[in-house]
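Please find below a few points to keep at hand while going through the structure for the first time. They are meant to be read next to the sequence and the model.

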Amino acid sequence: MENQIENLVIPQHVAIILDGNGRWAKKRGLPRSFGHKEGCVTVEKTVEDAARLGIKYLTVYGFSTENWKRSSDEVGALMQLFRYYMVRLLKIAKANNVRVKMIGERARFDQDIIDGINRLEEETRNNTGLTFVIAVNYGGRDEIVRAARKMITDGIEGRLTAEELDEKKFASYLDTAQIPDPDLLIRTSGELRLSNYLLWQLAYTELYVTDCLWPDFNKEELIKAITAYNGRERRFGGVK
């Protein structure tokens, strides 16, 4: 495996849709909450693996705007898990020189969760290793609408003109401002859809889908995805 890694071009930014926690638990006759807990363990390991492989940015889909529609029991369990995980993540980030950033609309969370997110970002902002981006209460369409609202406000207040607006300027209003677009998107559990994830940012991203359920994802699966990425011809819409 080490020789294989040496011959690979490592993508700068990898985005992941962490799918299959519930199915993983169901296959084992366990409640869905067990799948989410095991999925958090996999996130921790993946952050460490990505950092050691030399990936600069890792973005994961933690909780979507649509996830609020799940049962109140499952949402409540996810919020409790998030509270616990934020404490764990701070330790992992400090131990691995990881900078943490959250994207999405955090105002809907309880204040203690918002405080935890702010603390994570503040206490890791000077770390110089991997930037770990977690999308929470995030939806691609919601992000674009929020960006448009900010631009309209700036236009009304004289900070933005129509002539100034181009793709680069628009991107500066997104949650991912100053973060490069993903080179590689990995989706686990075999589903073939974007699920409202990074709709602007994925315009030229290479897609990799695996049947592996997220709790079973590991370094070997990550290297498989990077190997597949190395076999693609990156053209960005042009002709070579």
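1. Asp-183 has a relative accessible area of 14% and is therefore counted as buried, the limit for that class being under 20%. In this predicted model, Asp-183 is placed in the loop between α7 (167-171) and β5, and β5 itself covers 184-187. A polar atom of the Asp-183 side chain lies 3.0 Å from the backbone nitrogen of Gln-12. When neighbours within four places in sequence are left aside, the residues in contact with Asp-183 are Pro-11, Gln-12, His-13, Thr-205, Glu-206, Tyr-229 and Arg-234.

2. The loop between β5 (184-187) and β6 (206-209) deserves a separate look, with Leu-199 as one of its residues. Which phi values do Ser-189 and Leu-198 have? Ser-189 has a positive phi of about 75 degrees, although this residue is not a glycine, while the phi of Leu-198 is positive too, near 50 degrees, again in a residue other than glycine. As background to these two values, most residues other than glycine have a negative phi.

3. Is Leu-198 buried or exposed? With a relative accessible area of 2%, Leu-198 is buried, and Ser-189, at 9% relative accessibility, likewise counts as buried. Leu-199, however, counts as partly exposed, with a relative accessibility of 33%.

4. On the surface, Leu-199 belongs to a nonpolar patch that it forms with Leu-194 and Leu-207, and the accessible area of these residues together is about 220 Å².

5. How many disulfides are there in the whole structure? The search finds 0 disulfides, and Cys-40 accordingly takes part in none, the nearest cysteine sulfur, that of Cys-212, being 16 Å away.

How values were computed: Residues numbered from 1 in each chain as written. Predicted model: local features only at pLDDT ≥ 70, side-chain atom pairs only at ≥ 80, totals over all residues. Heavy atoms only, no water. Disulfide = S-S within 2.5 Å. Patch = residues over 30% accessible without salt bridge, like charges linked within 9 Å, V, L, I, M, F, W, Y side chains within 5 Å. Areas by Shrake-Rupley, 256 points an atom, 1.4 Å probe, with all protein chains shown as cover. Salt bridge = Lys/Arg side-chain N within 4 Å of Asp/Glu carboxyl O. Helix = DSSP H or I, 4+ residues; strand = E, 2+ residues; numbered from the N terminus. Buried < 20%, exposed > 50% of the residue type's maximum accessible area, 1.4 Å probe, protein only. Polar contact = N/O pair within 3.5 Å; in protein donor to acceptor, adjacent residues only side chain to side chain. Contact = heavy atoms within 4.5 Å.
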